[in-house]
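Work through these exercises with the model open. Each task is followed by a stepwise solution.

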Amino acid sequence: MHENDLRVLLLLIGIVFILYIFFSSKNKKKYKVYKTRNHIDINLITVNTSTIDSENFKKIYIDINTKTDFQIINKDIPKILSKPIQMKLPLVLNQEKRLIIINSLAKNYYNINQIYDFMEERSIIMNDIGYFEKFHLDKYKSFLKYSITNILNPGFLDKNKLKYLRIKGLSFFMQIPMILEPLSVFNEMLVDVKKFSKRNNGFLFDVHNSKLTNIMVKNFKKIVISYKNEQRK
């Protein structure tokens, strides 16, 4: 009788031991679980990216697809850097940009309407910024010759941007080197500024407020000639 009880006891102990091994090994199995901050299981996310190049800027459009209603937007996506755009350089690399400036000062004031009439007569147009520019047309392209601004900062001559419509003076200037033949452009600018000043009782000065002389004009021409014109694109 005691022998049978002992066998039953050993059998029960064996069954308990087997069950213990079974459940303990099952709990130790690793499962891949994707958790959000709130421990919500979600499906894998497929991210498709495409880049668009527009005026030297890179924009990244991200389309996130998932089978669940849960969406994740990653705001820390690094910017994609592209190769820098290669700029076309002029043939003369060592020439610095320089302005040739002639100022036309009024005896009293120039009226804005007088200025507009002269610019229209000389086919000088106003740009988007608010001052005048004269261009040379070449087939399907246009090249800037020289510009005309108010002598006072910020240089506006647009009626809509002016507080007072009386102008103390105008500044005619060209930048060298340029694509056009610079001496020809200088001579044309000189003719225009002289005509405007004579018509509206003005006087010609340089940037140092010294009255323009023939010697100054010759020096300007020497400077202009020393600058080679850039190659047309």
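A residue counts as partly exposed when its relative accessible area lies between the buried limit, under 20%, and the exposed limit, over 50%. Keep in mind that the model is predicted.

**Exercise 1. Classify Glu188 by relative accessible area, and do likewise for its salt-bridge partners Lys134 and Lys145.**

Step 1. Take Glu188. Its relative accessible area is 23%, so Glu188 is partly exposed.

Step 2. Take Lys134. The value is 7%, so Lys134 is buried.

Step 3. Take Lys145. At 14%, Lys145 is buried too.

Step 4. Check the geometry. The N to O distance is 2.8 Å for Glu188 with Lys134. For Lys145 with Glu188, the N to O distance is 3.0 Å.

Step 5. Lys145 sits in strand E6 (residues 141-150) and Glu188 in helix H3, and 43 residues separate them. Lys134 belongs to strand E5 (residues 132-138), so its bridge to Glu188 in H3 ties together parts 54 residues apart in sequence.

**Exercise 2. Find the network of salt bridges that includes Glu188, and describe the setting of Asp192.**

Step 1. Start from the total. The whole structure holds 5 salt bridges.

Step 2. Collect the linked residues. The network consists of Arg122, Lys134, Lys145, Glu188 and Asp192.

Step 3. Locate Asp192. This residue is in helix H3.

Step 4. Asp192 has a relative accessible area of 0%, so it is buried.

Step 5. List its surroundings. Beyond four places in sequence, Asp192 touches Phe118, Arg122, Ile124, Lys134, Tyr146 and Phe172.

**Exercise 3. Describe how helices H2 and H3 pack against each other.**

Step 1. Two packed helices are described by the angle between their axes and the distance between the axes.

Step 2. Read off both. The axes of H2 (residues 112-121) and H3 (residues 182-199) come within 11 Å, crossing at roughly 145 degrees.

Step 3. Assign the hand. The crossing of H2 past H3 is right-handed.

Step 4. Name the contact residues. H2 supplies Gln114, Ile115, Phe118 and Glu121, while H3 supplies Asp192, Lys195, Phe196 and Arg199.

Step 5. Sort them by class. The contact has 3 nonpolar, 1 polar and 4 charged residues.

**Exercise 4. Which residue forms a salt bridge with Glu121, and what does the pair tie together?**

Step 1. Identify the partner. Glu121 bridges to Arg199, with the closest N and O atoms 3.0 Å apart.

Step 2. Assign the elements. Glu121 is in H2 and Arg199 in H3, so the bridge ties together parts 78 residues apart in sequence.

Step 3. Compare exposure with the cut-offs. Glu121 has a relative accessible area of 48%, so it is partly exposed. Arg199, at 46%, also counts as partly exposed.

**Exercise 5. Is Leu170 buried or exposed, and which residues does it contact?**

Step 1. Find its element. Leu170 is in strand E7 (residues 166-176).

Step 2. Apply the cut-off. The relative accessible area of Leu170 is 0%, so this residue is buried.

Step 3. List the contacts. Apart from neighbours within four places in sequence, Leu170 contacts Ile102, Asn103, Ser104, Tyr110, Ile115, Met119, Ile148, Thr149, Ile151, Leu157 and Phe196.

Step 4. Leu170 and Ile115 lie 55 residues apart in sequence, with a C-alpha to C-alpha distance of 9.2 Å.

Note on methods: Residues numbered from 1 in each chain as written. Predicted model: local features only at pLDDT ≥ 70, side-chain atom pairs only at ≥ 80, totals over all residues. Heavy atoms only, no water. Helix = DSSP H or I, 4+ residues; strand = E, 2+ residues; numbered from the N terminus. Buried < 20%, exposed > 50% of the residue type's maximum accessible area, 1.4 Å probe, protein only. Contact = heavy atoms within 4.5 Å. Axes fitted to C-alpha atoms, helices over the stretch in contact; angles between N-to-C directions. Left-handed = near helix turned anticlockwise from the far one by under 90°. Nonpolar A, V, L, I, M, F, W, Y, C, P; charged D, E, K, R; others polar. Salt bridge = Lys/Arg side-chain N within 4 Å of Asp/Glu carboxyl O.
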